[in-house]
Amino acid sequence: MTASLLFVAYATFGKIVISTAHLWTSLASAAGLSVVLAIILMHPLTSSQKVLAQWFRSDTVAFASLLAVAAFASILLNWFKIFLPIIMVLAAEALVRLDLQTAEYTQTQALAILVVVAWLGLAVGWAVTAFA
């Protein structure tokens with residue numbers, strides 16, 4: 001069920017990507033993004049507490065990080081229309097990954113399912129836009 005949500009999210013993303021000026025660069029970037037997201041979701045940050053504790057040891061680093069997050073949030077809110085498809089894909093892929101983990105798929109099977117569904121969704125989105 002949630003795989004269909006991922007399929008629709010990537011089809012919508014593919015439809016948006018094909019309307020850009022540099023078609024082949026956009027297609028390669030979108031296909032690469034789907035693989036990178038699947039790999040990142042395959043190995044979530046399990047030791048994030050250790051990483052964050054080391055990173056925020058200094059007040060100066062914590063303040064600089066806070067400024068960077070605030071700047072990114074400002075950019076995201078100002079260009080919400082641009083970031084919305086990416087947020088939609090991230091949310092759908094995370095939901096499908098949780099569903100696959102609950103269904104007790106192995107990590108390799110989950111990666112393969114995420115990549116195949118993402119690429120099929122991108123292909124359908126591109127085909128619908130190109131041939132419609």
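Biologist: Which helix holds Gly-32?
Modeller: This is a predicted model, where local features need pLDDT of at least 70, side-chain atom pairs count only at pLDDT 80 or more, and totals for chains, interfaces and linings use all residues. Residues are numbered from 1 along each chain as its sequence is written, and side-chain values use heavy atoms, leaving out hydrogens and water. Helices are DSSP runs (H or I, at least four residues) and strands are too (E, at least two), both numbered from the N terminus. By that rule, Gly-32 sits in helix α2.

Biologist: What relative accessibility does Gly-32 have?
Modeller: Buried means under 20% relative accessible area, exposed over 50%, and partly exposed in between, using a 1.4 Å probe and protein chains only. Gly-32 counts as partly exposed because its relative accessibility is 32%.

Biologist: How many helices does the protein chain have?
Modeller: The elements run α-α-α-α-α-α from the N terminus on. There are zero strands, and the helices number six.

Biologist: What does the C-alpha trace of the protein chain span along its principal axes?
Modeller: The protein chain has 132 residues, and 27% of them count as buried. Along the principal axes, the C-alpha trace spans about 55 × 40 × 25 Å.

Biologist: What share of the contacts with a separation of 6 or more comes from residues 24 or more positions apart?
Modeller: A contact means heavy atoms within 4.5 Å. Among contacts in the protein chain with a separation of 6 or more, residues 24 or more positions apart account for 76%.

Biologist: Is Glu-93 buried or exposed?
Modeller: Glu-93 lies in helix α5, which covers residues 80-102. Its relative accessible area is 0%, so Glu-93 is buried.

Biologist: Which side chain of opposite charge is nearest to Glu-93?
Modeller: Lys and Arg count as positive, Asp and Glu as negative; His and the chain ends are not counted. A salt bridge needs a side-chain nitrogen of Lys or Arg within 4 Å of a carboxyl oxygen of Asp or Glu. Glu-93 has no salt bridge. At 8.5 Å, the nearest side chain of opposite charge is Arg-97.

Biologist: Which residue has its backbone nitrogen 3.3 Å from a polar atom of the Glu-93 side chain?
Modeller: Glu-93 touches several residues, not counting those up to four places away in sequence; among them are Leu-6, Tyr-10, Ser-34 and Leu-114. The backbone nitrogen at 3.3 Å from a polar atom of its side chain belongs to Ala-38.

Biologist: How far apart in space are Glu-93 and Leu-37, C-alpha to C-alpha?
Modeller: Leu-37 is one of the residues that Glu-93 touches. The two are 56 residues apart in sequence. From C-alpha to C-alpha, the distance is 7.8 Å.

Biologist: What separates the C-alpha atoms of Leu-41 and Val-96?
Modeller: Leu-41 lies in helix α2, residues 23-42. Leu-41 counts as partly exposed because its relative accessibility is 23%. Leu-41 touches Glu-93, Ala-94 and Arg-97, not counting residues up to four places away in sequence. Val-96 is 55 residues from Leu-41 along the chain, and their C-alpha atoms are separated by 10.0 Å.

Biologist: Which element gives the largest share of the nonpolar patch?
Modeller: Patches use residues with over 30% relative accessible area and no salt bridge; like charges are joined within 9 Å, nonpolar side chains (Val, Leu, Ile, Met, Phe, Trp, Tyr) within 5 Å. Leu-77, Phe-80, Leu-84 and Ile-87 make a nonpolar surface patch of about 370 Å². Ile-87 is partly exposed because its relative accessible area is 34%. The largest share, three residues, comes from α5.

Biologist: What is the relative accessible area of Glu-104?
Modeller: Glu-104 is found in the loop between α5 and α6 (107-131). Its phi is near 65°, a positive value in a residue other than glycine. Glu-104 is exposed because its relative accessible area is 70%.

Biologist: Which residues does Ser-65 touch, not counting those up to four places away in sequence?
Modeller: Ser-65 has its place in helix α4, residues 59-78. Ser-65 counts as buried because its relative accessibility is 12%. With residues up to four places away left out, Ser-65 touches Trp-55 and Phe-56.

How values were computed: A polar contact is a pair of N or O atoms within 3.5 Å; within protein, one must be able to donate a hydrogen and the other to accept it, and residues adjacent in sequence count only if both atoms are side-chain atoms. Accessible areas come from the Shrake-Rupley method with a 1.4 Å probe; for residues, only the protein chains shown count as cover.
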